[in-house]
Amino acid sequence: MDVTGIDAAKAGWVAVSIKDGQFSWMVASSLSEIELGTTIYIDMPIGLEQDKRRLVDQLLRTELKPGRTSSVFNAPLLAALEQSDYQTANDHSKQQAGLGLSKQAWYLLPKIRQVRTHYQAGMMESHPEVCFARLTGHPARYNKRTAEGLAERTELLIRYDCPPYWELRVPGVATDDWVDACLLAVAATLPVSYVPEHRPLDVTGLPLYAALPKKITFTETV
């Protein structure tokens, strides 16, 4: 098994890989610099809609009720990739989808462009908070940037023998970036399910769905 979990960071990207049971990590300014596994879970939209909200965003949000739904933002429309300023992109989104473009989504456009440019077979959008919820049976109780939130997430990761990469101090990589990359890597080693199940593609052929670990019962938890 050769998997990679990738999260965006100020430094660019943080990647945690698991190959034949061995963990490793890398921080890179570009996805092109990362040695990817055959299965890649990345916390970033890949496929984009032209004129409506993405169903995948809505479905991911429902899995985080109650309390953590705000961690899933609405992805931009495809046209936003070519628009030069926020106001134009925001107005276009309101006109086409009936929903404005958040500043968070606007600032992530360079990262989304990079993911779409470097997309390859085996790369799938995922979401660390939903992965956590599926592996524990409930959404996280605390914000990931709090001490309590860090503790509940790392307790899960330690059960999967993940090294404490969140203790590393690398410029441009926050503690929660490490945790998210680790969660994605661990999730990528487990049996997969897709949201939505029919795995739609956007007009450019890129996936409009997320890969997640299958829901487990409490008797199956590690």
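Two strands count as paired if DSSP finds at least two bridges between them; the exercises below apply this and related criteria to a predicted model.

**Exercise 1. Determine in which sense strands S2 and S3 pair, and describe the turn that joins them.**

Solution. Begin with the ranges, which are residues 12-19 for strand S2 and residues 22-28 for strand S3. Between these two strands there are 7 bridges, and the pairing is antiparallel. Next, take Lys19, whose bridge partner in S3 is Gln22. Finally, look at the connection: S2 and S3 form a hairpin with 2 residues between them, and Asp20 in this turn has a positive phi of about 50°.

**Exercise 2. Decide whether His127 is buried or exposed, and list its surroundings.**

Solution. First place the residue: His127 belongs to the loop between strand S5 (123-125) and helix H5 (128-136). The cut-off for a buried residue is under 20% relative accessible area, and because the relative accessibility of His127 is 8%, this residue counts as buried. Then consider polar atoms, where one in the side chain of His127 lies 3.2 Å from the backbone nitrogen of Glu129. Once neighbours within four places in sequence are left aside, the residues in contact with His127 are Asp43, Leu60, Leu64, Ser71, Val72, Leu184 and Leu212.

**Exercise 3. Describe the packing of helices H6 and H7.**

Solution. Start from the geometry: helix H6 (residues 147-159) and helix H7 (residues 175-188) have axes 10 Å apart and pack at an angle of about 35°. The crossing in which H6 passes H7 is left-handed. As for the residues that make the contact, H6 supplies Leu150, Arg153, Thr154, Leu156 and Leu157, while H7 supplies Thr175, Val179, Cys182, Leu183 and Val186.

**Exercise 4. Identify where the pLDDT is below 50.**

Solution. The pLDDT is below 50 over residues 218-222, a stretch that has 6 contacts in the model beyond near neighbours in sequence.

Technical notes. Residues are numbered from 1 along each chain as its sequence is written. This is a predicted model: local features need pLDDT of at least 70, side-chain atom pairs count only at pLDDT 80 or more; totals for chains, interfaces and linings use all residues. Side-chain values use heavy atoms; hydrogens and water are left out. pLDDT is the predictor's confidence in each residue, from 0 to 100. Contact means heavy atoms within 4.5 Å. Helices (H or I, at least four residues) and strands (E, at least two) are DSSP runs, numbered from the N terminus. Buried means under 20% relative accessible area, exposed over 50%, partly exposed in between (1.4 Å probe, protein chains only). A polar contact is a pair of N or O atoms within 3.5 Å; within protein, one must be able to donate a hydrogen and the other to accept it, and residues adjacent in sequence count only if both atoms are side-chain atoms. Axes are lines fitted to C-alpha atoms, for helices over the stretch in contact, and angles run from 0 to 180 degrees between N-to-C directions. A crossing is left-handed if the near helix is turned anticlockwise from the far one by less than a right angle, and right-handed if clockwise.
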